[in-house]
Amino acid sequence: MERTLPAATGFLAAVHQDGGRAPAPVFASLGSCALEREERHGHTLHTGLLHTGAPEAARAYGPRCAVVFAGELYNQAELRSLLPPGAGPDGDAQLVRALFDIYDLHAFRLLNGRFAALVQGEGRVLLATDHAGSVPLYLTAAPGRVLAATEAKALRTAPTGRPLPAARPVRRLPGVHQVPAGTVLEVALGTGGCTAHRTWAPPLSRRILPEDEAVAAVRRALEHAVQVRMGPEAPLVVLSGGIDSSSVAALAAGRAAGPVDTVSMGTDEADEFPQARVVAAHLGTAHRELTIPTDDLLRRLPHTVWAAESLDPDIIEYLLPLTALYLRLGGTGRRILTGYGADIPLGGMHREDRLPALDTALAHDMETFDGLNEMSPVLSGIGGHWSTHPYWDREVLDVLVPLEAGLKRRYGQDKWVLRAAMGDVLPQETVLRPKLGVHEGSGTTSSFSRLLTAAGVPQGRVHHAKRLVVQELFDQVVVAGRHPDEVATEEVVQLAAGQLESRTQPIS
């Protein structure tokens, strides 16, 4: 029976020359953990797989290498066509191993997916992320050992590793680094030396296309991205009623055998329920609405930092309502599709009519998304679910990013090319609806700001205070290993307000 979720959603793996031990696996994501020890090429490979019922499908062993794989691939058919006739590897890990035998590390330039992987070869360990780094991957390395995990907190008790200039150091976890997006890090086991091999980068050139060709290309790419993410059962689509999520819901509904499930989240402060109802009624989805009291929403700040392992207060603010939603859904094991991330390649957050400024902002956003962990599956994983984001499919990005800015801002509309591409399957009022972020539609931004001003933070220092709050939460739930249920948001806010005040006091 085909699985609804990937075989594994996370892992902790360690390769030792001396047979050393690995830390106990620690994950925020829910799931069963399967431990295994394997002797290969004179080294010991320890794995702890966060799996969904079939951990063997997330490991693959061959004469040349061993593969540990979390996540899923979206271009399996194309990849299988590269293998010898009759070769039929079972599962994504086996497929990667077979491709590695042919292409070595260049195999990762062929993959379109949402994954993190470790490959152990003779005398080296390769650590790979997908093109967007959407499944974060962390490592610590030293001569004779490499440890890697899909959550930084899993490495907090690992032996300190050496500095790795090719990777990004993690705050207050000495020797722990994050693998860049679209990169294979090649670590020499004997020396701990590290080389980075880039497998994907956002296009910098821009394509000039007639309107009809651009619209058709966007529709075709997005349809395919939704199709390959559907799974064997009808997915759940997070629906705000905006053009991004509504487009995903419409394309999913067009592919599903029965009604697609949709869900909208709001607070007692704000919601987008009326707009989402219009789309749900138009598509005939099985729709529900979840209202989360603002106080409960803000109490999920520690859980959001715990899941995302991000230090950016704006990103945490975007992700907070999603985290609260995933925790409130109930049950486990849902495949969730979202419209998250469309604004980055389409410049949707920039209400800018000057095309040079719009394209400059888009190029900056595509260059700096890495490491923010906006699309980490742990956000839904803490509720036992698996989320995926069609707008950040590699092929969709390869279509959207290079389009010249005039196709993204046209006729006074932001994201014009997407609106035009979806005009035949959505209500007109949805197609024309102005952009509103999930943090705005749920009132998250204003609620978080009021929490700080109520603690005495001056209006002009609110953003700085938010950064201090997020840093303190990170230090508690990631670095110190506290469970977020043990962390009181109000106490952290008071601590940040006190730090801010002490820094602004004049020296007597």
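A cavity here is a set of points, on a 1 Å grid over the protein atoms alone, where a 1.4 Å probe fits but cannot get out, and a lining residue has an atom within 4 Å of a point. The structure is a predicted model, in which local features need pLDDT of at least 70 and side-chain atom pairs count only at pLDDT 80 or more, while totals for chains, interfaces and linings use all residues. Residues are numbered from 1 along each chain as its sequence is written, and side-chain values use heavy atoms, with hydrogens and water left out.

The second largest cavity holds about 70 Å³ of space; a volume is the space filled by probe spheres set on grid points, which are joined across faces, edges and corners. Its lining has four nonpolar, four polar and four charged residues. In this classification, Ala, Val, Leu, Ile, Met, Phe, Trp, Tyr, Cys and Pro are nonpolar, Asp, Glu, Lys and Arg are charged, and the others, Gly among them, are polar.

The largest cavity has a volume of about 100 Å³. Of the 13 residues that line it, Ala132, Gly133, Phe369, Asn373 and Glu374 lie nearest its centre. Its lining comprises five nonpolar, six polar and two charged residues. The count of cavities of 30 Å³ or more comes to five.

## Nonpolar cores

In soluble globular proteins, nonpolar side chains tend to be buried together. A nonpolar core is a set of buried Ala, Val, Leu, Ile, Met, Phe, Trp, Tyr and Cys residues joined through side-chain atoms within 4.5 Å. Buried means under 20% relative accessible area, exposed over 50%, and partly exposed in between, with a 1.4 Å probe and protein chains only.

Which residues have the most contacts inside the largest nonpolar core? They are Met366 and Trp392, in a core of 112 residues. Helix H17 (residues 462-479) supplies the largest share of this core, 10 residues; helices are DSSP runs of H or I with at least four residues, numbered from the N terminus. Apart from this core lies another, of 31 residues, among them Leu5, Leu139, Ala167 and Leu185.

## Cysteines

The whole structure contains zero disulfides, a disulfide being a pair of cysteine sulfur atoms within 2.5 Å. The sulfur of cysteine 194 is too far for a bond, because the closest cysteine sulfur, in cysteine 65, is 18 Å away. Cysteine 65 is buried, at 0% relative accessibility, whereas cysteine 194 is partly exposed, at 23%.

How values were computed. On a 1 Å grid over the protein atoms alone, a cavity is a set of points where a 1.4 Å probe fits but cannot get out, and a pocket is an open set with protein on both sides within 12 Å along at least five of seven lines; lining residues have an atom within 4 Å of a point. Helices (H or I, at least four residues) and strands (E, at least two) are DSSP runs, numbered from the N terminus.
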